[in-house]
Amino acid sequence: MTSIKKMDYRKYRPAPTVDLPNRQWPSNVLTKAPEWVSVDLRDGNQALEIPMSLEEKIDFYHHLLKIGFKTIEIGFPAASQTEYDFCRYLIENNLIPEDVALQVLTQAREHIIDRTMEAIKGAPKAVIHLYNSTSTVQRDVVFRMNREECINLAIAGTKMIKERIEKDTSGTKFAFEYSPESYSGTEDDFAVEICDAVCDIWQPSPENKIIINLPTTVEVTMPNVYADRIEYFMRNSKWSDSISLSIHAHNDRGTGVATTELGLLAGADRVEGTLFGNGER
């Protein structure tokens, strides 16, 4: 009888964990619902082989309103004409209830920020969602940036958005969100450092919080490790009392829901997700 050769698991390095003595999240209990944010029209749309047309996005948007979402990430207005036109259509046709915020994504590049601010102008409420990639692989291989250069990019984007919001005369009520994209591959101390640097520029307060989003960009660990990371972040950020911590779990390992629940136990109060599960992975 032919024997089956077992895979040698020892050739793989284990995913890093967090040194977190006296972790508190396992004893916590969820006593209230988080703020739910739909990203179906952006993250979900990116996952589709054929992205939604303008008409399809409008229909989906109305469905999300009926469900009761109060923050909806509608897209990346600078990415395509369809994305831009969709944003303008909602605003110019008065299709946004006063208690609903449109969230829009932008890279930390000036022409993209300008296009984004142009697209969202006049919305009753808007969340400007800035991101740049922070993982070791992205920094070293794709962008060839060191830590300082990566932080400087995030700071520059934050300054540009803050300046444009201060000059805006449309009456839009703005909020600001920052994501260290590829957070799951970012060192924990560096995630705290770059987010704190962004907060230093934005100057949030407990009454006017900044949104920090920590996504499981590639889900490579068990949910308990993610919870440790969230608790580590909130313990170590000097701005923790002025942060609304948002989580966005991808589902590479099939544990996106568990990751989200444990992230809430660890201190998050906002969840970004796709209603039908059609996220990037």
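Buried here means under 20% relative accessible area. I keep that cut-off at hand for these entries on a predicted model.

**Entry: Ser 237**

I started with Ser 237, which has a relative accessible area of 5% and is therefore buried. I found Ser 237 in the loop between α8 (223-236) and β7 (243-249). Next I asked which side chain makes a polar contact with the side chain of Ser 237. That partner is Asp 196, at 2.7 Å. Leaving aside residues up to four places away in sequence, I noted that Ser 237 touches Val 192, Asp 196 and Ile 243.

**Entry: the nonpolar core**

I then looked up the largest nonpolar core, which has 66 residues. Which members touch the most other members of this core? They are Ile 120 and Ile 212. I also checked which element gives the most to the core, and α7 does, with nine residues.

**Entry: aromatic pairs**

I went through the rings next and counted three aromatic pairs. I wrote down two of them in detail.

In one, the ring centres of Tyr 61 and Phe 86 lie 6.3 Å apart with planes at 80°, so I logged the pair as edge-to-face. Tyr 61 belongs to helix α2 (residues 54-67) and Phe 86 to helix α3 (residues 81-92), so to speak distant parts of the chain, 25 residues apart. Are these two residues buried or exposed? Tyr 61 is buried at 0% relative accessible area, and Phe 86 is buried at 0% too.

The other pair is Phe 176 with Trp 202: the centres are 4.3 Å apart and the planes are at 25°, so this pair is stacked. Phe 176 sits in strand β5 (residues 173-181) and Trp 202 in helix α7 (residues 188-202), so the pair ties together parts 26 residues apart in sequence. I checked burial here as well, and both Phe 176 and Trp 202 are buried.

**Entry: arginines over rings**

Last, I looked for charges over ring faces. Where does Arg 115 lie? I found Arg 115 over the face of Tyr 84, at 3.7 Å from the ring centre. Arg 229 lies over the face of Tyr 183, and there the distance from the ring centre is 4.2 Å.

Conventions
Residues numbered from 1 in each chain as written. Predicted model: local features only at pLDDT ≥ 70, side-chain atom pairs only at ≥ 80, totals over all residues. Heavy atoms only, no water. Phe/Tyr/Trp six-rings, centres within 6.5 Å; stacked < 30°, edge-to-face > 60°. Helix = DSSP H or I, 4+ residues; strand = E, 2+ residues; numbered from the N terminus. Buried < 20%, exposed > 50% of the residue type's maximum accessible area, 1.4 Å probe, protein only. Lys NZ or Arg CZ within 6 Å of the ring centre and 35° of its normal. Polar contact = N/O pair within 3.5 Å; in protein donor to acceptor, adjacent residues only side chain to side chain. Contact = heavy atoms within 4.5 Å. Core = buried A, V, L, I, M, F, W, Y, C linked by side-chain atoms within 4.5 Å.
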